[in-house]
Amino acid sequence: MQVSIACTEQNLRSRSSEDRLCGPRPGPGGGNGGPASGGHGNPPGGGGSGPKTRAAVVPRPPAPAGAFRESTGRGTGMKYRNLGKSGLRVSCLGLGTWVTFGSQISDETAEDVLTVAYEHGVNLFDTAEVYAAGKAERTLGNILKSKDWRRSSYVITTKIFWGGQAETERGLSRKHIIEGLRGSLDRLQLGYVDIVFANRSDPNSPMEGVGSVTWSPLACGLITSKYDGRIPDTCRATIKGYQWLKDRVQSEDGRKQQAKVMDLLPIAHQLGCTVAQLAIAWCLRSEGVSSVLLGVSSAEQLIEHLGALQVLSQLTPQTVMEIDGLLGSKPHSKK
């Protein structure tokens with residue numbers, strides 16, 4: 001089992017230690033890394049009795065403080081950044097599965113979305129054990145199994161905390177991390193995941209470290225101007241179990257937020273983009289953000305959101321100050 005532990009609420013130290021979590025897990029053929037067939041999802045060198053090699057790592061001089069170490073993919077224009085200090089290269093826009101996979105959209109649409117994302121250079125796909133009670137992981141796993149994509153060409157992240165009703169089935173105890181992750185791997189049909197996020201902090205299991213991946217850059221669709229005093233039939237606020245979102249939209253605070261979104265329209269028009277693209281680009285320009293997770297319900301919506309990459313280069317310091325002034329907020333950053 002190969003994992004790295006990170007956290008969505010605090011900075012956590014990246015780890016990669018099979019034995020620290022649960023020790024070697026023999027596969028059916030006696031190996032240590034999943035199914036003996038060597039098929040989808042097996043880490044290179046994860047099993048068998050062949051010779052083991054260890055690569056020598058030559059340290060590089062440290063980059064200037066605050067440097068993004070950003071690169072641009074050939075043909076796609078996607079930008080890639082380091083995930084914290086791990087050296088793992090992730091697309092600055094990732095694809096999330098909350099609400100959508102296994103719930104809001106059909107499996108066919110989910111496959112279309114994932115395919116378009118991959119073809120446009122997105123290499124970070126995020127899910128969680130709790131999303132759609134495990135159906136999101138299962139849907140993602142089925143799609144990946146059907147694709148002829150090299151496992152080394154994409155990054156899978158899942159999240160652990162809410163796994164079940166029993167006291168031992170939630171939280172960040174060693175027991176739940178091991179058993180919860182094994183459940184995730186079964187649903188994903190993978191031999192390993194690249195990153196395990198703590199879905200929230202657990203006061204009973206304090207942790208620390210590095211890295212930042214942001215989620216819900218559009219606040220569940222609130223920052224799109226589509227609500228504008230009404231609730232469309234196809235939005236998340238109409239989905240069973242999301243009454244809290246509908247209440248939020250219709251609340252006094254929700255109406256104030258919508259008014260602020262409308263104030264952003266002139267800036268979006270000036271830049272030739274949508275409010276959604278502007279919001280995603282604003283998240284991307286924040287220091288320390290490795291990737292922004294997108295949640296979409298169609299391939300067309302994904303294409304629109306990917307357009308935020310072109311908006312990012314237009315966010316001058318003056319434009320950012322204007323946006324922050326309208327919103328009355330500013331992202332925290334470390335100098």
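The exercises below work through selected residues of the structure above, each with a stepwise solution.

The model is predicted, so that local features need pLDDT of at least 70 and side-chain atom pairs count only at pLDDT 80 or more, whereas totals for chains, interfaces and linings use all residues. Residues are numbered from 1 along each chain as its sequence is written, and side-chain values use heavy atoms, with hydrogens and water left out.

**Exercise 1.** Determine where His305 lies, whether it is buried or exposed, and which residues it contacts.

Step 1: His305 belongs to helix H9, residues 299-306, where helices (H or I, at least four residues) and strands (E, at least two) are DSSP runs numbered from the N terminus.
Step 2: With a relative accessible area of 3%, His305 is buried; the term buried applies under 20% relative accessible area, exposed over 50% and partly exposed in between, using a 1.4 Å probe and protein chains only.
Step 3: Once neighbours within four places in sequence are set aside, His305 is in contact (heavy atoms within 4.5 Å) with Leu93, Leu218, Ala276, Ile280, Leu294 and Val296.

**Exercise 2.** Identify the residues that touch the most other members of the largest nonpolar core, and examine Leu302.

Step 1: A nonpolar core is a set of buried Ala, Val, Leu, Ile, Met, Phe, Trp, Tyr and Cys residues joined through side-chain atoms within 4.5 Å.
Step 2: The largest such core has 61 residues, of which Leu93, Leu95, Ile156, Leu278 and Leu302 touch the most other members.
Step 3: Helix H8, residues 275-284, supplies the largest share of this core, namely 9 residues.
Step 4: Leaving out residues up to four places away in sequence, Leu302 touches Leu95, Val113, Val116, Ala117, Leu294 and Val296.
Step 5: There is also a second, separate core of 11 residues, including Ala219, Tyr227, Leu245 and Val249.

**Exercise 3.** Describe the setting of Asn82 and its side-chain partner.

Step 1: Asn82 is found in strand E3, residues 79-82, and is buried at a relative accessible area of 16%.
Step 2: The side chains of Asn82 and Arg89 are joined by a polar contact of 2.7 Å, a polar contact being a pair of N or O atoms within 3.5 Å of which, within protein, one must be able to donate a hydrogen and the other to accept it, while residues adjacent in sequence count only if both atoms are side-chain atoms.
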